[in-house]
Amino acid sequence: MVKESNTNQASYEPADRYATVAGVRLRYWQGGQGERAVLLVHGVGSYVERWRHTFEVLVTRFRVYAMDLPGRGLSDKPSGFSYRVENLARIIKGFTDAMGLERVSLVGSSLGGAVVAHFARQYPESVDRLVLSSSAG
């Protein structure tokens, strides 16, 4: 949905959506159209809103997804969950599978960069492009 602001500039208002992957309820945003899918993955202490402006720009050209990692934002914070990078990469794979994404361009910031790098190593056939921004690891 595009919302008009008081300054006559349109701003994109993504809607919260939810998917359950490996028993963990994940909040995500989805928008845009196009052949190429892009997934934005935030870092420690962050959540999907970190990508607000990036999301707004990318939806004009791509199908874009941004998700709260487990334990962050409005995603579940299950006790006993393993927050190891390898496990978070498996959650990302479960999410891309649930969204029907065979190949995805991944953008990761901070911890999200380490997670998507592990995803690329674990599932190279599922990666179209990989962008690391101030990446951990």
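**Ground rules.** I am working with a predicted model, where local features need pLDDT of at least 70, side-chain atom pairs count only at pLDDT 80 or more, and totals for chains, interfaces and linings use all residues. Residues are numbered from 1 along each chain as its sequence is written, and side-chain values use heavy atoms, with hydrogens and water left out.

**Entry 1: helix α2.** I started with α2, residues 85–98. Helices here are DSSP runs of H or I, at least four residues, and strands are runs of E, at least two, numbered from the N terminus. I checked the length of α2. The expected span is 1.5 Å times one less than the number of residues. For the 14 residues of α2 that gives 20 Å, and the end C-alpha atoms are 20 Å apart, so the two agree.

Next I looked up burial. Buried means under 20% relative accessible area, exposed means over 50%, and partly exposed lies in between (1.4 Å probe, protein chains only). In α2, I found V85, N87, L88, A89, I91, I92, K93, F95 and T96 buried. They pack against β3, β4, β5, β6, β7 and α3; contact here means heavy atoms within 4.5 Å. Just after α2, G100 has a positive phi of about 75 degrees.

**Entry 2: T96.** T96 has a relative accessible area of 1%, so it is buried. Leaving out residues up to four places away in sequence, T96 touches L39, L101, V104 and F119.

**Entry 3: helix α3.** I ran the length check on α3, residues 111–122. Its 12 residues should span 16 Å, and its end C-alpha atoms are 17 Å apart, which agrees. The buried residues are G112, G113, A114, V115, V116, H118, F119 and A120. I see them pack against β5, α2, β7 and β8.

**Entry 4: where α2 meets α3.** How do the axes of α2 and α3 cross? They come within 8 Å and cross at roughly 70 degrees. Axes are lines fitted to C-alpha atoms, for helices over the stretch in contact, and angles run from 0 to 180 degrees between N-to-C directions. So α2 is roughly perpendicular to α3, a label for 65 to 115 degrees (under 35 is roughly parallel, over 145 roughly antiparallel, the rest oblique). On the α2 side I listed V85, E86, L88, A89, R90, I92, K93 and T96; on the α3 side, L111, A114, V115, H118, F119 and Q122.

**Entry 5: the cores.** A nonpolar core is a set of buried Ala, Val, Leu, Ile, Met, Phe, Trp, Tyr and Cys residues joined through side-chain atoms within 4.5 Å. Which members of the largest core touch the most others? Of its 29 residues, they are L39, Y65, M67, I92 and F95. The largest share, 6 residues, comes from α2. I followed F95: beyond four places in sequence, F95 touches V21, L26, Y28, L39, Y65 and M67. Another core lies apart, with 12 residues, among them V38, L58, V59 and F62.

Entry 6: Is V24 buried or exposed? V24, in strand β4, is buried, with a relative accessible area of 3%. Beyond four places in sequence, V24 touches A19, P70, D76, P78 and F81. T54, in helix α1, counts as partly exposed at 31%.
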